[in-house]
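Please read these notes with the model open beside you. Take the points one at a time.

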There are 2 protein chains.
Amino acid sequence: MKKTYTSRLNLSTGKVDLSHGGGGRAMAQLIDELFIKHFDNDWLRQRNDQALLSLPAGRLAISTDGHVISPLFFPGGDIGSLAVHGTVNDVAMSGAQPLYLAAGFILEEGLPLADLERIVISMAAAAQSAGTPIVTGDTKVVERGKGDGVFITTTGVGIVPEGVNIAGHRAQPGCAVLLSGTIGDHGVAIMAGRENLQFATRILSDSAALNGLVAAMVAAAPADIFCLRDPTRGGLATALNELAQQSGVGMLIDETQIPIRPDVQAACEILGLDPLYVANEGKLVCICPAAAAERLLAVMREHPLGRDAAIIGEVVADAHGFVQMRTAFGGKRIVDWPVGEQLPRIC
Amino acid sequence: MKKTYTSRLNLSTGKVDLSHGGGGRAMAQLIDELFIKHFDNDWLRQRNDQALLSLPAGRLAISTDGHVISPLFFPGGDIGSLAVHGTVNDVAMSGAQPLYLAAGFILEEGLPLADLERIVISMAAAAQSAGTPIVTGDTKVVERGKGDGVFITTTGVGIVPEGVNIAGHRAQPGCAVLLSGTIGDHGVAIMAGRENLQFATRILSDSAALNGLVAAMVAAAPADIFCLRDPTRGGLATALNELAQQSGVGMLIDETQIPIRPDVQAACEILGLDPLYVANEGKLVCICPAAAAERLLAVMREHPLGRDAAIIGEVVADAHGFVQMRTAFGGKRIVDWPVGEQLPRIC
């Protein structure tokens with residue numbers, strides 16, 4: 001039975017108000033005419049407070065990620081597509097194929113419904129493209145000045161294939177460190193958008209769903225992928241430090257092997273950013289036995305999201321868990337954890 | 001390997017700052033000394049961006065809920081315990097036993113770390129008591145004035161037992177409508193706290209995890225529970241209207257059978273609220289064949305959270321999907337969907 005409303009949601013000039021989070025008719029209309037319309041699937045159409053999923057046998061991977069990026073729209077994406085990619089990637093970093101997403105929206109009173117629709121459409125397209133339907137969700141509204149447009153928390157579930165055992169503690173001395181592509185694109189795109197900076201070329205966020213790339217890698221070498229991590233907040237430096245800490249090893253990476261776009265490098269110099277610490281949203285680090293590195297590198301390079309993949313260093317024994325880098329000038333320096341925050345609200 | 005920090009997190013006078021969401025050392029310390037310390041379990045200790053779960057075979061139920069309640073602390077609970085109960089209950093309303101939770105925090109710069117610790121401790125206790133460990137999470141920080149202390153989005157997963165088929169579209173004419181206890185306690189407790197109202201007795205939120213009650217009901221009558229819904233935002237009136245709409249039926253309830261505490265009734269009169277529309281956080285509506293109603297009622301009343309359970313009405317054939325109520329004065333009125341928002345930020 002279809003509920004009827006006295007008039008349709010005004011998507012051209014309407015704004016979110018507190019009634020859209022009140023559980024009544026206004027909220028039901030927002031869900032019907034915006035969320036169910038665009039995310040369109042059987043689970044949402046059932047309008048239960050939860051979705052029931054049939055899953056293949058195996059270990060379930062689950063991950064959740066809040067998205068608070070500012071601005072909501074940026075070169076190469078928006079908070080909607082990012083909220084899909086961010087969580088799909090966190091699930092994929094276990095080697096799992098992400099299958100379903102849940103989405104919780106926290107809307108600020110006064111948000112133009114047109115902006116929300118644009119975000120929802122982008123989110124629907126990203127979910128469709130990643131093969132991860134948004135099967136359940138929730139909407140809350142806070143008063144003007146108590147939020148910032150929209151925050152989206154997504155949760156993803158997937159199943160880890162048999163024989164795959166990927167975790168942050170598995171790096172061992174002698175392993176190779178692979179990176180799937182150029183660093184810093186996302187953070188620099190956001191920063192340029194935020195500061196209204198113009199560069200000769202337009203730098204776009206690399207925001208992308210990595211589950212296809214991971215599936216290709218897992219298919220090629222299921223037992224040889226020891227660690228996967230996407231270097232998001234805190235950038236490559238943080239991802240490597242996390243893995244070094246979890247595994248109780250050191251790393252030695254080679255600056256000249258780290259792919260970076262010349263325009264991103266130039267922008268980082270202008271903005272005073274170290275690209276090693278700048279967020280990425282469509283890259284991964286892979287740690288594997290040295291003997292498997294060339295094979296995995298070839299598989300990565302065959303995938304559109306791994307074209308610029310490179311072997312950037314190796315895992316070494318180090319009781320202190322230091323990440324060190326051979327610089328382009330032949331020296332060596334420690335790549336430490338970031339202490340403060342270079343770029344707030346980057347994801 | 002344990003990372004060491006130069007000093008411990010200052011939980012007595014410290015405040016959340018943007019570095020706690022930056023992905024670096026400050027965030028790692030917050031996670032170690034607050035989240036992992038209190039939520040303490042093997043999944044979190046592994047510090048991966050996702051958790052791997054072993055689940056029994058069956059249909060997976062998943063639900064997500066954002067929590068934006070204001071104030072953060074209220075009589076009978078706080079945003080931490082509520083964030084556990086809200087999602088545990090949404091999962092349980094499918095008949096599933098909730099097994100695991102994920103939690104995404106959006107913190108506002110300046111939030112006292114002491115408040116956050118109090119919330120995390122309460123959340124940990126609620127999760128422990130519900131039997132649903134918090135296995136993965138995420139923390140973001142927004143600038144002062146772009147959030148409101150803390151928002152928590154939780155996602156829960158559980159497995160629906162064989163032979164159980166509970167969904168909002170299954171109500172049929174002739175079915176009985178059961179309610180597990182008194183209405184309005186949560187909304188009135190929040191409102192009284194917000195407006196600093198004093199009543200002769202202290203009204204507490206009913207915030208509670210209903211999975212134990214649901215498990216007892218499912219064990220007693222697995223095939224006879226057609227619909228379950230927790231009447232949260234929008235209250236009992238909204239839950240009944242949702243079920244009527246999903247099932248394409250009407251309902252006829254009896255005002256004199258609806259349990260309500262006299263102090264809540266009095267407070268609603270003072271505050272100008274209709275208790276039918278006031279939120280609950282520890283109650284459920286159950287729709288079952290009339291023949292099973294007394295049996296389920298007895299099971300509910302044996303459980304501490306169902307002591308005041310009652311049969312409040314019946315499902316009737318009605319192409320318009322109206323919910324009607326026989327009033328205490330012998331008349332009949334339509335209990336419509338709420339249009340606006342009586343009580344914003346109630347959950």
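1. **Basis.** This is a predicted model, in which local features need pLDDT of at least 70, side-chain atom pairs count only at pLDDT 80 or more, and totals for chains, interfaces and linings use all residues. Residues are numbered from 1 along each chain as its sequence is written, chains are lettered from A and ligands numbered from 1 in the order in which they are written, and side-chain values use heavy atoms, with hydrogens and water left out.

2. **Symmetry.** Two copies of a chain are related by a rotation about an axis and a shift along it.

3. **Interface.** Of the interface residues of chain B, 100% are also interface residues in chain A, so the copies meet through the same surface. Contact means heavy atoms within 4.5 Å.

4. **Salt bridges overall.** The whole structure holds 30 salt bridges over all chains. Each is a side-chain nitrogen of Lys or Arg within 4 Å of a carboxyl oxygen of Asp or Glu.

5. **Asp32(B) and Arg47(B).** These two form a salt bridge, with the closest N and O atoms 2.5 Å apart. The pair links distant parts of the chain, 15 residues apart: Asp32(B) is in helix α1 (residues 25-39) of chain B, and Arg47(B) is in the loop between α2 (42-45) and β1 (51-53). Helices (H or I, at least four residues) and strands (E, at least two) are DSSP runs, numbered from the N terminus. Asp32(B) is buried at 10% relative accessible area. Arg47(B) is partly exposed at 29%. Buried means under 20%, exposed over 50%, and partly exposed in between (1.4 Å probe, protein chains only).

6. **Asp148(B) and Arg345(B).** Their closest N and O atoms are 2.8 Å apart in a salt bridge. The partners are 197 residues apart: Asp148(B) is in the loop between β6 (134-142) and β7 (150-160) of chain B, and Arg345(B) is in the segment after β14 (332-334). Arg345(B) is buried, at 5% relative accessible area.

7. **Glu242(B) and Arg229(B).** Their side chains meet in a salt bridge (2.9 Å, N to O). Glu242(B) lies in helix α7 (residues 235-247) of chain B and Arg229(B) in strand β9 (residues 227-229), so the pair ties together parts 13 residues apart in sequence. Is Arg229(B) buried or exposed? Arg229(B) is buried, at 3%. Glu242(B) is partly exposed, at 21%.

8. **A helix pair.** In chain A, helix α5 (residues 185-195) and helix α8 (residues 262-271) pack at an angle of about 55 degrees, with their axes 10 Å apart. The contact involves Asp185(A), Val188(A) and Met191(A) of α5(A), and Val264(A), Ala267(A), Cys268(A) and Leu271(A) of α8(A). Axes are lines fitted to C-alpha atoms, for helices over the stretch in contact, and angles run from 0 to 180 degrees between N-to-C directions.

9. **Thr132(B).** This residue lies in the loop between α4 (113-130) and β6 of chain B. Thr132(B) counts as buried, at 0% relative accessibility. Not counting residues up to four places away in sequence, Thr132(B) touches Val84(B), Val88(B), Pro98(B), Leu99(B), Tyr100(B), Leu101(B) and Ala127(B).
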